[in-house]
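Hi,

Here is the structure I promised to pass on. My notes follow below it.

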Amino acid sequence: MQTELLRDDQLGSPEERLRPERSRTDCPILLSPRLVLRAPHEHDIDALANLANNANIATMVSRMPHPYTEADAADFVRRTKTGAIGKCVYAITKADNGAFLGCCGIEPHPDGRTAELGYWLGERYWNQGFATEAAQALTDMAFRTRDIDQIDARCRVMNLASRRVIQKCGFQFQGSGMVDSLALGGMISVEWYRLDRKTWMSLRSWGGRS
């Protein structure tokens, strides 16, 4: 699957478009066959609160509170605008009708060479390939516009669906560990996966995997 960056770097050869641009710090709107990934805004608050207020989602990610209120959603949108949540946070929306499906983001590590991918979808949109499509779009953008060597992704050990998404995107298992869960108020077991630039370059068409 090829995603699109809505910037001038769509021009030129494929090799030129895939070369990292050290000066890029913005988060371009991303298009994929069924999705538009864009910055969250106030009009998303109702849908965000409705979808995120779900224990089946909150207990699978580390930073989402439960219950999740409209005030939480408004605060999330505000913090994405100020850069307080990662460096590049997206609302995942349907291309045909603009429906809000969930969120994804990419956050740099302190080492300057690694970024971390995160995502969640409302339960009604599970098992339709949307998470994989969004993760591939965001992964493409990160490697094409950031001077990084690898992207990490983590999922709860029991989250089989998220593991499939990560593996479909070409990430390789690195190990396991424990992280804090805001919703559960304790530690949860997670698996750690990594995709390096060389592997991504060999898989960037995404067409060879399903």
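How many residues lie between β4 and β5 in their hairpin, and which glycine in the turn has a positive phi? Five residues lie between them, and the glycine is glycine 98, with a phi of about 75°.

Before the rest, some ground rules. This is a predicted model, where local features need pLDDT of at least 70 and side-chain atom pairs count only at pLDDT 80 or more, while totals for chains, interfaces and linings use all residues. Residues are numbered from 1 along each chain as its sequence is written, and side-chain values use heavy atoms, with hydrogens and water left out.

The protein chain has seven helices and nine strands (DSSP runs numbered from the N terminus: H or I of at least four residues for helices, E of at least two for strands). Of its 210 residues, 45% are buried (under 20% relative accessible area, 1.4 Å probe, protein chains only).

Now the strands. Pairing here takes at least two DSSP bridges between two strands. β2 (residues 30-31) and β3 (residues 35-38) pair antiparallel over two bridges, with leucine 30 opposite leucine 37. These two also make a hairpin, with three residues between them.

β3 then runs antiparallel to β4 (residues 88-94), joined by four bridges. Valine 36 sits opposite threonine 93, and leucine 35 has lysine 94 as its bridge partner.

On its other pairing, β4 is antiparallel to β5 (residues 100-108) over six bridges, and cysteine 88 partners isoleucine 106. Six of the seven residues of β4 are buried, so this strand is largely enclosed by the rest of the structure.

Cheers

Notes:
Buried means under 20% relative accessible area, exposed over 50%, partly exposed in between (1.4 Å probe, protein chains only).
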